[in-house]
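Open the model in your viewer and keep the selection panel at hand. Each stop below gives a selection and says what is there.

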Amino acid sequence: MKTTFFSSVLFFAMLAFANQSCAGAGSDSTKNSSAAKTVSADKDNAGLKLPAGFGALAVATGLGEARHIAVTANGDIYVKLSSLYKGKSIYFLHDNNGDGKADVQTGFGDFTGTGIAVKNGYLYASSDEEVFRYKLDANGNAVNQTQPEKIITGLLNRHEHESKSIALDNDGNIYVNIGAYSNDCQVKDRVKGSPSINPCPILDSAGGIWQFKADKLNQTYGDGTRYATGLRNVVGLDWNSDINALFVMQHGRDQLHDLFPDLYTTKQSAELPAECMYQLHQGSNCGWPYAYYDEIQHKKIINPEYGGDGKKEASPDIQDPVVAFPGHMAPNGLLFYTGNMFPEKYKHGAFIAFHGSWNRAPEPQKGYFVAFVPFKDGKPSGDWEVFADNFAGGPEYMQPGKAKHRPCGLAQGPDGSLYISDDSGGTVYRIIYTGK
Amino acid sequence: MKKITTGIFIFVSCSLYLFAQTTVQPSIARGKKLYIQYCLSCHQEDGSGVPKLNPPLIKTSYVSGDKTKLIAWVLSGSTENIPIDGKYYSNNMAPQANLKDQEIADVLTYIRNSFGNKAGAVTAVEVKAVRGNTK
């Protein structure tokens, strides 16, 4: 009897050992296969048009309104959604076998919004009123997924320009865009003939970038500082670590022709004002709602609501843009490239995701691409160019309600890949360089 | 007698149809011009709108449904976060109360009979009644 019992124990022990060994072998073989598989572009570059030597693959598709994205040191991706997808607002994407495609998609969080960033062991994510953070473990996985820390609360959300984009510096600060809930600070928003308010009262709590501490809980307006003002709405922003400065992309004002048909033709209204990149510092004033930047005259012009006629120049105290792009293309993502994968030309330069225009109608729409601006020593060193194109899916889809994909967020992977999120088709793209 | 009744019915129907055609078609044509001037830049040439910002005008319950609600929306504009067929749109809509009753009737008749929509015409009398109530 004893022998039988002993044999049984021995048998089960052996079984357990064999089981473990096999499991071990299994995971080893997974590792081996992951080493064997490499990231390669999709046959059609996931529908994108790219410069020679670049390729694109769709990492994930159908995620819904994928706004901004962040990539961990392990190459895992966090995606922030502005509408719930399967009841969740943040998605964690992981590639098991090394082919670059997301094999694991895990959702958590129930607050919809735009901003997301990974910094110093934390994942930061915003709703349209608050900013939260999750501690990341050594593998970059968010812990306490149901109980994030609330870093910032009580930010204004009055319906228009409500998204709260975020960026972090290297000194423990977080920067949050608080968009103006208005087109140009008229008494009645977007109403022809309605006068402007002077001074514009919106600017005390919106229409700028606010700075907060990245590790302090429950901060609100009184705890932070208004870092920069006169910015109508910023969606794309990034900290440039080469020169330690915050850069932002402003969404310029709409409807110059609709509101002032005697001063602006539909063609002028489609081109103006410029979509501007600004390099900010504490106290920057970029002019909204009093002025805009005209990229054709290369001048700061007084807004017609504030007495402008399309020609009168604005105060020289207003900051000049670093780069001025054609109007209404809706820059939603900004990223300074610091990777080593792309050719030298791209290092230190800026990628900008242009979501695509609507306010150029009845003129043809523009944007729906990712642009690139080369930089040297923190300043543009050449003209901007289109980098990744054809997100919309062809000229007949170059309209906001028809575009198959609209680029929105940008992130850089640890290997130097460029990631692009799309909030129309819910695709996450990865751009790789394979040329010599 | 039955034949006469049927005859009158057909005559009245045809007259009403022709009347509708002769008043609705010009209204649609006038409405299109007004649409280009006042609505197009936000709602787009084909009424497809802008996701998350400006609602589409294609087969939505607001456009094809209750006229009173639609007329009131155009007269008063909107700065509220009101869902349209379950979706939210962020941009404020300017009130269009400066347009005449007939102009609002025309532009709504155009919208309700364009972009794949097939809904009844809006008349100046209907606009006037709603304007009286919203003041």
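Two strands count as paired if DSSP finds at least two bridges between them. Keep that in mind for the hairpin below. Note also that this is a predicted model.

**Stop 1: the open sheet of chain A**

Select the strands in the order β10-β11-β12-β13-β17 of chain A; they form an open sheet of five strands with mixed pairing. Which strands stand at the edges? They are β10 and β17 (284-285) of chain A. Each has a single partner strand, so one side of each is left without a neighbour in the sheet.

β10(A) and β11(A) run antiparallel and are joined by three bridges. Show A:I166 and find A:V176 opposite, in β11(A). Now go to the hairpin of these two strands, which has four residues between them. There A:G172 takes a positive phi near 80 degrees.

Stay on β11(A). Five of its six residues are buried, so the strand is largely enclosed by the rest of the structure. β11(A) also pairs with β12(A), in the antiparallel sense, over six bridges.

Strand β13 (residues 225-229) of chain A and β17(A) run parallel, joined by two bridges. Select A:T229; the bridge partner in β17(A) is A:N285.

**Stop 2**

Most residues other than glycine have a negative phi, and most peptide bonds are trans. The next selections depart from that pattern.

- Select A:N198 and A:P199. The peptide bond between them is cis, with omega near 0 degrees. A:P199 sits in the loop between β11 (173-178) and β12 (208-213).
- Select A:L272 and A:P273. Their peptide bond is cis too, with omega near -10 degrees. Look for A:P273 in the loop between α3 (266-271) and β16 (275-280).
- Select A:H159. Phi is near 85 degrees, a positive value. The residue is in the loop between β9 (149-152) and β10 (166-168). A:H159 counts as partly exposed because 18 C-beta neighbours lie inside 10 Å, and a buried residue needs 20 or more.
- Select A:N244. Here phi is positive as well, near 50 degrees. The loop is the one between β14 (234-240) and β15 (245-250). Is A:N244 buried or exposed? Exposed, because it has 11 other C-beta atoms within 10 Å, and the limit is 12 or fewer.

**Stop 3: helices of chain B**

Select α4 (residues 67-76) and α6 (residues 124-134) of chain B. These helices pack at an angle of about 65 degrees, with axes 9 Å apart. The crossing is right-handed. Show the contact residues, including B:I71, B:A72 and B:L75 of α4(B) and B:V127, B:V130 and B:R131 of α6(B). The contact of α4(B) with α6(B) has five nonpolar, three polar and three charged residues.

Next, select α5 (residues 101-112) of chain B. Its twelve residues should span 16 Å at 1.5 Å a residue, and the end C-alpha atoms are 16 Å apart, which agrees. Nine of the twelve residues are buried, so α5(B) is mostly covered. Among the buried ones are B:I104, B:D106, B:Y110 and B:R112.

**Stop 4: where the chains meet**

How many residues does each chain bring to the contact? Chain A gives 17 residues and chain B gives 17 residues. Colour the side of chain B that touches chain A by residue class: seven are nonpolar, nine polar and one charged.

Technical notes
Residues numbered from 1 in each chain as written. Chains lettered and ligands numbered in written order. Predicted model: local features only at pLDDT ≥ 70, side-chain atom pairs only at ≥ 80, totals over all residues. Contact = placed C-beta atoms within 7 Å. Nonpolar A, V, L, I, M, F, W, Y, C, P; charged D, E, K, R; others polar. Axes fitted to C-alpha atoms, helices over the stretch in contact; angles between N-to-C directions. Left-handed = near helix turned anticlockwise from the far one by under 90°. Expected span 1.5 Å × (residues − 1).
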